[in-house]
Amino acid sequence: MSVLVFVEGLNGEIKKSSLEAASYGSQVAQQLGTTATAVAIGEVQEDALARLGEQGISRVLYDADSRLNQFVADAYVKVIAKAAQQENAKVLVFSNSNIGAAVGSKLAVRLNGALATNVTSLPKTDGGQFVVTRGVFSGKAFADVNLAADVKIIAVKKNAFEITQTAGNTATVEKLSAELSDADFAAAPKETVMQDTEGGVLLQEAEIVVSGGRGLKGPENWHLVEDLAKALGAATACSKPVSDLDWRPHHEHVGQTGITVSPNLYIAIGISGAIQHLAGVNSSKVIVVINKDPEAPFFKAADYGIVGDAFEIVPKLIEAAKAL
Ligand code: FAD
C-alpha cells in the first residue's frame, strides 16, 4: 500500500502547486507508515522528477508518451489509474488545479473511490476514519468529510501547504506505459494555446499578482499595473468588468467566473472587492488593497490597506519596488 501523488509539469519543470501536493502526499505517507510515489505525465525533465525526492517522494513513475504533452482527461486518468493499480495505492493526492479537478471525478468513478476537493488539512485517522477538511462556498466555510471508500482521492487546495524541502534527496525515476490507444484520445483538443504571460509569469502559478479594477478608469492607465508587476516579478490580473470592457484580455479576469489565484501576495488596485471577485482571490496569503473609498468592501478581506488615489500611490510603489 502506498500514497500516489500526481504531479503536473510546466515548461519541463514541476508546477509549484504539484510540489505542494507532493509535500502533502509525503506527510500522509509518513502518517500511514508507508512511502509516497509520484506519477508524472507528458513533458517534464527527468532531473526535475528526480528532485521530487526533496519533497519526500521515493519513486517517480513517468509516462513520456508525447501525445500526453497536452492535457487529455481520459488518457491522463488511464495513466494515473494504471500507476495506482501498480502501486496498490489507497490514497491519491493531486493539486486542486483545473487539471486536478478534471481528472479527480473521473478517477473516483474509475477506482470506486471517495473524492475530496479543495482540501486544507492533513487527514485525521482516529478510530479507523479518514477525515479531511475542505473549503466550501468559495472558501467562506469549511467542512470535515470522512473518506470511507477503500481508495481515497484528495485534491489539495493551492497555497494551503508549505513545500517541504530536504536538500539533496533524489527520487528514482521509472518508465511507466499505460499502453494508450487512439480511443483514449477521442476527446483530445485540436490545439492547446498557452496564454500570453506578462514577463513570463503564468497567472495561476504566480507568487505575486498585481490586479486592477474599474477604478483605473481605462486601458490607457494600465501601465501602472504593468510597471508595478514588472518591478515585483509579478503576473497581472483584473476584475471582470475590466475584461468585459476589453481593457484587458479575458484570461486575466479573476473571480468566481474567472481564474482562481492563490499567490503569496495579491495587490488589488481600484477594485471594490465584490464577493464574486473575492471568491477567486481569498486564498492569497497576503492581500494589499489600494482604494480611494475607505468603505470599499475589499478592506475587510485585506491584510494591508491604503486609502487613497491609485494615480498618486501606485507610481510611488513602483519607484520603491524598483529600488529594492
Ligand atoms: P467597481 O465595482 O466599479 O469598483 C471600482 C473601485 O475602484 C471602487 O471601489 C472605487 O472606490 C475604486 N476607485 C475608483 N477610483 C479610484 C482611484 N482613483 N484610486 C483608487 N481606487 C479607486 N467580478 C469579478 O471581478 N470577478 C468575477 O469572477 C465576477 N463574477 C461575477 C459573477 C456574477 C454572477 C456576477 C453577478 C458578478 C460577477 N462579478 C465578478 C462582478 C462583481 O459583482 C463586481 O461588479 C466587480 O467585481 C466590480 O469590479 P471593480 O471592483 O473593478 O469595479
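Mentor: A word on terms: domain bounds come from an automatic or database domain assignment. The model is predicted, so local features need pLDDT of at least 70 and side-chain atom pairs pLDDT 80 or more, while totals for chains, interfaces and linings use all residues. Residues are numbered from 1 along each chain as its sequence is written, and side-chain values use heavy atoms, without hydrogens and water.

Trainee: Which domains supply the lining of the largest pocket?

Mentor: Domain 1 (3-185) and domain 2 (203-323) each contribute at least three residues to that lining. A pocket is an open set of points on a 1 Å grid over the protein atoms alone, with protein on both sides within 12 Å along at least five of seven lines, and lining residues have an atom within 4 Å of a point.

Trainee: What is its volume, and which residues lie nearest its centre?

Mentor: The volume of the largest pocket is about 1300 Å³, taken as the space filled by probe spheres set on points joined across faces, edges and corners. Its lining comprises 49 residues, with Glu8, Lys15, Asn98, Ile99 and Gln204 nearest the centre. Two or more lining residues come from each of strands S1 (2-7), S2 (9-10), S7 (114-119) and S8 (131-136), and from helix H4 (98-111). Helices (H or I, at least four residues) and strands (E, at least two) are DSSP runs numbered from the N terminus.

Trainee: Which of those gives the most?

Mentor: H4 does, with three residues in the lining of the largest pocket.

Trainee: And how many cavities of 30 Å³ or more are there?

Mentor: There is one, a cavity being a set of points where a 1.4 Å probe fits but cannot get out. The largest cavity holds about 70 Å³ of space. Its lining consists of Lys16, Ser17, Glu20, Lys158, Gln204, Glu205, Ala206 and Ser262.

Trainee: Where does the largest cavity lie relative to domain 1 and domain 2?

Mentor: It lies between them, because both domains give residues to its lining.

Trainee: Changing topic, how do H3 and H4 pack?

Mentor: Helix H3 (residues 73-87) and H4 cross at roughly 55°, and their axes come within 9 Å. H3 is therefore oblique to H4.

Trainee: What about H5 and H9?

Mentor: Helix H5 (residues 223-232) packs on helix H9 (residues 310-322) at about 20°, with axes 9 Å apart. H5 is therefore roughly parallel to H9. Angles under 35 degrees count as roughly parallel, over 145 as roughly antiparallel, 65 to 115 as roughly perpendicular and the rest as oblique. They run from 0 to 180 degrees between N-to-C directions, with axes fitted to C-alpha atoms over the stretch in contact.
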